[in-house]
Amino acid sequence: MKTVLIIGGGFAGLEAAIFLRKSNYDVTLVSERDYFFIYPTSIWIPTREQEFSDVCIDLKKLQKVHGFKLVVDALQKIDAKENSYTLNSGAVLKDYDHVVLAMGASKMKHKGIKNTLSICGAPEQSLQIRDSIDALIEKGSGKICFGFGGNPKDTSAVRGGPAFELLFNTHHLLKKKGIRDNFELTFFAPMPEPGKRMGTKALKMMAVFFEKLDIKQHFGKKIKAFENDSIIFEDDSKLASDFTMFIAAGNGHDVVKESGLPTNEAGFIKINDHCNVVFDDPQMPTNIYAIGDVAALQGADWRAKQGHVAEVMARNVAFNIDQKDKGLSLFKGYQEHLNILCVMDSGNGASFIYRDDKRALMVPLPFIGHWLKKGWGKYCKLSKLNKIPRIPGI
Ligand SMILES: Cc1cc2nc3c(=O)[nH]c(=O)nc-3n(C[C@H](O)[C@H](O)[C@H](O)COP(=O)(O)OP(=O)(O)OC[C@H]3O[C@@H](n4cnc5c(N)ncnc54)[C@H](O)[C@@H]3O)c2cc1C
């Protein structure tokens, strides 16, 4: 039986493990945490609509269901030339027939970032955000700022959707409690038109939402630093904030930096359409793949690192590895599947957002959208545990 080492137990790594097991590979999955975290539905942890455990799946349960080997340990060092992988415990993993890198992205480090929390950071931060919002609710009033930053070196690493979602959900929570008027909610971003990649129609609709919900906007000024009571901008102007939720843009995973793997300017691993890592030197290994947020996506300006793209890449890699081992070359590419697809929740409804080369849609789904997204969260959990059948491609 051929062996595959997968590093990372997120959307990309888990999907690769599931599909490689279907082709009967001997799969070892290394993950720094012992659970799979359903990031898209974690937006409800801070507003107490979901418990932390609701958005986690125990990797040991997944291991039993799908039959892969699980190593809960953190990757500390990669030596690409030797194709060897050193873990925190000191264990060195090498000599696998194929290696799939799926460790996600690291985050850009802004000055004073410790004065903020991110819904896209370590999963535990969702609980800290919840506690910060609870404390302000207890106090009875406050100023809360929600924002996201950009990475000029790789625009696909910007993640704004969850910031909008958490803002709208917080608005909804405060309204339900009858204390919304005591709070000032502000959305801030360094770009002049945050969310533009969703299309111009979506941008106009967001402006309408902000107006209607009395959310202040602070756009187009670079962020200089975060302080414990404010955000400082490039012109030294200050935005007062009792609590700041800020999603820093992604950049290459820290472990990749000294690895000898080829990267783009932002540190994401360079791959071809089949997700094979592309080295200039022909002496380097040909059996390393990179999928999901850790990889440098090629394509249109609006492209974005998303979970469904990570899963397409994972299924393609499982297929491509099998093809290669069978001496076939009907490889699958990820680029034709690039699109932006999300149901952006607002607490009492949602908007369906879709963008590809031909279309840019934003369709309001009052009420039903909220429950659709909740339903997807349940589907994600149950289908990954094989308790219900998978809908192909979802
Ligand atoms: C709040 C939020 C909402 C989102 N909503 C949507 C949505 O609606 N639709 C959508 O398509 N996408 C959405 N996304 C994006 C989507 O979640 C990501 O694109 C997706 O998680 C990427 O999967 P990944 O496996 O590449 O990376 P990750 O999910 O980040 O997984 C990386 C894995 O690697 C592990 N790891 C990291 N470093 C190491 C190490 N050194 N050693 C061992 N293991 C390591 C981590 O523990 C983790 O298990 C959302 C993201 C967030 C944060």
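**View 1. The area buried between domain 1 and domain 2 in the predicted model.** About 2,200 Å² is buried between domain 1 and domain 2, and carbon and sulfur atoms give 52% of this area. On the side of domain 1, the residues that lose the most area to domain 2 are Ile 43, Pro 46 and Thr 47, which together make up 27% of what that side buries.

**View 2. The two domains and the residues through which they touch.** Domain 1 comprises the segments 3-105 and 252-338 of the protein chain, whereas domain 2 spans 109-249. The centres of the two domains, taken over C-alpha atoms, are separated by 30 Å, and the contact takes 27 residues from domain 1 and 26 residues from domain 2.

**View 3. Salt bridges and polar contacts across the interface of domain 1 and domain 2.** The rule finds 4 salt bridges across this interface, together with 9 residue pairs in polar contact. By class, the side of domain 1 that touches domain 2 has 13 nonpolar, 10 charged and 4 polar residues. In a salt bridge shown close up, the side chains of Arg 48 and Asp 134 meet at 2.6 Å, N to O.

**View 4. Tyr 85 in the largest nonpolar core.** This core has 67 residues, and those with the most contacts inside it are Tyr 85, Leu 101, Leu 261 and Ile 291. Leaving aside neighbours within four places in sequence, Tyr 85 is in contact with residues including Leu 5, Ile 7, Leu 75, Lys 77, Val 99, Leu 101 and Ile 288.

Note on methods
Residues are numbered from 1 along each chain as its sequence is written. This is a predicted model: local features need pLDDT of at least 70, side-chain atom pairs count only at pLDDT 80 or more; totals for chains, interfaces and linings use all residues. Side-chain values use heavy atoms; hydrogens and water are left out. A nonpolar core is a set of buried Ala, Val, Leu, Ile, Met, Phe, Trp, Tyr and Cys residues joined through side-chain atoms within 4.5 Å. Buried means under 20% relative accessible area, exposed over 50%, partly exposed in between (1.4 Å probe, protein chains only). Contact means heavy atoms within 4.5 Å. Domain bounds come from an automatic or database domain assignment. Buried area is the accessible area (1.4 Å probe) that two parts lose on being put together, summed over both. A polar contact is a pair of N or O atoms within 3.5 Å; within protein, one must be able to donate a hydrogen and the other to accept it, and residues adjacent in sequence count only if both atoms are side-chain atoms. Ala, Val, Leu, Ile, Met, Phe, Trp, Tyr, Cys and Pro count as nonpolar, Asp, Glu, Lys and Arg as charged, and the others, Gly among them, as polar.
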